[in-house]
Amino acid sequence: MKTRLGCLSNKSDSYSDFSEFLPPAHETAARCLKVSTDEVVRWSESFDHLLSHKHGLAAFRSFLKTEFSDENIEFWMACEEYKKIKSSTKLVSKANKIFHEFIDIQAPREINIDYRTREKTKQSLEDPTPTSLNEVQAKVHSLMEKDSYPRFLRSKMYQDMVNRASAQGQRRSV
């Protein structure tokens, strides 16, 4: 048991160790064919640029799964969907779902936030508005930008994508 837990606690930079969590190689390769080298490189210029590109977001999600921290990006994406809801009934329902899945203590996919933020969010969701999750979403965004994003850019996974996109671009120009 100790050996198994030790394996989980050591974060790996090799995404091949976690291939079961990633899309099949042919899907990853197909995605890379659609993304230019410039686009993949631009992901390194800005975290927001990475998140705004569907293939960048998918790559970052896959990377976070290898680190067992994909709850952060899943929470951020749920907040993005939440902001678009117009119906007050659906807003309440989605707010409750997000709270119980990500914010509540012992939530199945609990995000790492401080007590004050958790309590403030809980209060704001008593009468939810489209902006009720903005503060907590910004904190999670900042955490990912300062912590996970630099590791993503240094990862073998990202470096391989840059190399594949570059090789694909060279093949096209020949």
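The pLDDT is the predictor's confidence in each residue, on a scale from 0 to 100. The legends below describe close-up views of a predicted model.

**Figure 1. Overall architecture and confidence of the predicted model.** The protein contains ten helices and zero strands, and its elements follow the pattern α-α-α-α-α-α-α-α-α-α along the sequence. The average pLDDT of the protein is 83, and 77% of the residues score at least 70. Over residues 1-33 the pLDDT stays under 50, and for this segment the model has 31 contacts beyond four places in sequence. Of the 174 residues in the protein, 41% are buried. Among contacts with a separation of 6 or more, 60% are between residues 24 or more positions apart.

**Figure 2. The largest nonpolar core.** This core has 40 residues, and those with the most contacts inside it are Phe60, Ile73, Phe75, Ile103 and Phe152. At least two residues of this core come from each of α4 (47-52), α5, α6, α7, α9 and α10 (156-173). Helix α6 provides the largest share of this core, seven residues. With neighbours within four places in sequence left aside, Ile103 is in contact with Phe75, Ile98, Ile111, Ile113, Arg118, Thr121 and Leu133.

Figure 3. Glu74 belongs to helix α6, which spans residues 71-83. The relative accessible area of Glu74 is 15%, and the residue is therefore classed as buried, the cut-off for this class being under 20%. When residues up to four places away in sequence are not counted, Glu74 touches Arg61, Phe102 and Arg109.

**Figure 4. The salt bridge between Glu80 and Lys83.** Salt bridges number 13 in the structure. In one of them Glu80 is paired with Lys83, and the closest N and O atoms are 3.1 Å apart. Both Glu80 and Lys83 lie in helix α6, where three residues, about one turn of the helix, separate them. Glu80 is partly exposed at a relative accessible area of 25%, and Lys83 is likewise partly exposed, at 33% relative accessibility.

**Figure 5. The salt bridge between Arg116 and Glu135.** Side chains of opposite charge can pair when their charged atoms come close. Arg116 forms a salt bridge with Glu135, in which 3.0 Å separates the closest N and O atoms. This pair links distant parts of the chain, with Arg116 in helix α8 (residues 115-124) and Glu135 in helix α9 (residues 134-154), 19 residues apart. Arg116 counts as partly exposed at 44% relative accessibility, and Glu135 is partly exposed with a relative accessible area of 30%.

**Figure 6. Packing of helix α8 against helix α9.** The axes of α8 and α9 are 9 Å apart, and the two helices pack at an angle of about 145°. From α8, Arg116, Thr117, Lys120 and Thr121 meet Glu135, Val136 and Lys139 of α9. The residues of this contact comprise one nonpolar, two polar and four charged.

Figure 7. Arg151 and Asp147 meet through their side chains in a salt bridge of 2.7 Å, N to O. Because Arg151 and Asp147 are four residues apart in helix α9, about one helical turn separates them. Asp147 is partly exposed, at a relative accessible area of 38%.

**Figure 8. Positive phi values in two loops.** Phe68, located in the loop between α5 (54-66) and α6, has a phi near 55°, a positive value in a residue other than glycine. The relative accessible area of Phe68 is 39%, and Phe68 is partly exposed. Gln106 is placed in the loop between α7 (88-103) and α8, and its phi is near 70°, again a positive value in a residue other than glycine. Gln106 has a relative accessible area of 69% and is therefore exposed, the cut-off for this class being over 50%.

Conventions:
Residues are numbered from 1 along each chain as its sequence is written. This is a predicted model: local features need pLDDT of at least 70, side-chain atom pairs count only at pLDDT 80 or more; totals for chains, interfaces and linings use all residues. Side-chain values use heavy atoms; hydrogens and water are left out. Buried means under 20% relative accessible area, exposed over 50%, partly exposed in between (1.4 Å probe, protein chains only). Contact means heavy atoms within 4.5 Å. A salt bridge is a side-chain nitrogen of Lys or Arg within 4 Å of a carboxyl oxygen of Asp or Glu. A nonpolar core is a set of buried Ala, Val, Leu, Ile, Met, Phe, Trp, Tyr and Cys residues joined through side-chain atoms within 4.5 Å. Axes are lines fitted to C-alpha atoms, for helices over the stretch in contact, and angles run from 0 to 180 degrees between N-to-C directions. Ala, Val, Leu, Ile, Met, Phe, Trp, Tyr, Cys and Pro count as nonpolar, Asp, Glu, Lys and Arg as charged, and the others, Gly among them, as polar.
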